[in-house]
Amino acid sequence: MQLYAVTNGETEETKLINTILAIAPFVDHIILREKQKSRFEYLQFVQVLINGGVPKEVLCIHTHVKIPFLTGVNQLHLPEYCTNIGEIKRLFPSLRVGSSVHSLEAAKYAEDNGADYVMFGHIYQTNSKPGIKPRGLYQLEQIIHALTIPVIAIGGITGDRISHFKDIGVTGVAVMSGIFSATCPKTAAMSLRKEVEKIEGSL
């Protein structure tokens with residue numbers, strides 16, 4: 001099971017860079033969800049992370065289609081119902097492209113259009129989605145069984161909930177607030193990694 005960290009677009013940049021440097025050894029992928037940045041600001045941000053020693057294979061570009069090819073980062077994450085996944089994959093077949101989805105219909109659309117994985121949520125109640133009912137494990141399982149590509153779960157995932165995903169076939173879990181809003185993000189990432197390793201060790 002893979003562990004994803006997803007930035008929240010709210011952390012001051014110097015603090016965020018230091019946080020990413022600290023957690024990178026303990027997560028499989030970090031999706032840089034910094035929607036408030038211009039493309040140029042985003043590119044500079046990614047270059048600072050790479051120059052700081054974050055492995056390119058850990059980083060995942062969010063939305064900015066051209067930046068993977070400017071930085072050598074080979075992962076791109078797109079919003080739900082992005083219409084150009086197929087074109088991106090046709091032009092750059094080695095690029096790993098994922099999509100956020102919030103329904104079975106959207107998940108099938110992403111798969112049919114060439115996505116390499118989908119990220120489904122939110123699974124549990126989360127402060128990042130106030131007032132919106134969580135979709136839960138049942139819908140997650142439906143999507144896992146309906147698709148042939150990997151499914152990543154996101155939304156309200158904490159260390160004590162990772163065991164819930166043991167037997168349902170999920171490829172990974174993604175955490176935003178649980179890492180980036182934590183008092184010590186490094187400690188939070190280390191703790192989540194231990195819980196993921198427990199699952200891996202029991203399979």
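**Charged and aromatic contacts in the predicted model**

The side chains of Asp116 and Lys89 come together in a salt bridge, with 2.8 Å from N to O. Here a salt bridge is a side-chain nitrogen of Lys or Arg within 4 Å of a carboxyl oxygen of Asp or Glu. Asp116 belongs to the loop between α5 (104-112) and β6 (117-120), while Lys89 belongs to helix α4, so the pair ties together parts that are 27 residues apart in sequence. Helices (H or I, at least four residues) and strands (E, at least two) are DSSP runs, numbered from the N terminus. The structure is a predicted model, in which local features need pLDDT of at least 70 and side-chain atom pairs count only at pLDDT 80 or more, while totals for chains, interfaces and linings use all residues. Residues are numbered from 1 along each chain as its sequence is written, and side-chain values use heavy atoms, with hydrogens and water left out.

How open are the two partners to their surroundings? Lys89 counts as buried, at 15% relative accessibility, whereas Asp116 is partly exposed, with a relative accessible area of 27%. In these terms, buried means under 20% relative accessible area, exposed means over 50%, and partly exposed lies in between (1.4 Å probe, protein chains only).

Side chains of opposite charge can pair when their charged atoms come close. A search of the whole structure finds five salt bridges. One of them joins Arg90 to Glu87, whose closest N and O atoms are 2.8 Å apart. Arg90 and Glu87 are three residues apart in helix α4, which means that about one helical turn separates them. Arg90 counts as exposed at 55% relative accessibility, and Glu87 as partly exposed at 38%. In helix α8 (residues 185-202), Glu195 and Lys198 are likewise three residues apart, separated by about one helical turn, and their side chains meet in a salt bridge (3.2 Å, N to O). Lys198 is exposed, with a relative accessible area of 53%, while Glu195 is partly exposed at 22%.

The aromatic rings come next. A pair of aromatic rings is described by the distance of the centres and the angle of the planes. Rings of Phe, Tyr and Trp (its six-membered ring) pair if their centres lie within 6.5 Å; planes under 30 degrees apart count as stacked, over 60 as edge-to-face and the rest as tilted. The whole structure holds five aromatic pairs. Among them is the tilted pair of Tyr4 and Tyr117, at 6.1 Å centre to centre with 45° between the planes. Because Tyr4 lies in strand β1 (residues 2-6) and Tyr117 in strand β6, this pair ties together parts that are 113 residues apart in sequence. Tyr4 is buried, with a relative accessible area of 0%, and Tyr117 is buried at 1%. Tyr42 and Phe45 have ring centres 6.4 Å apart and planes at 75°, so their pair is edge-to-face. Both residues belong to helix α2 (residues 39-51), where they are three residues apart, or about one helical turn. Tyr42 counts as buried at 0% relative accessibility, and Phe45 is buried with a relative accessible area of 0%.

A charge sits over a ring if NZ of Lys or CZ of Arg is within 6 Å of the ring centre and within 35 degrees of the ring normal. The charged end of Arg161 sits over the ring of Tyr124, 4.3 Å from the centre of that ring.
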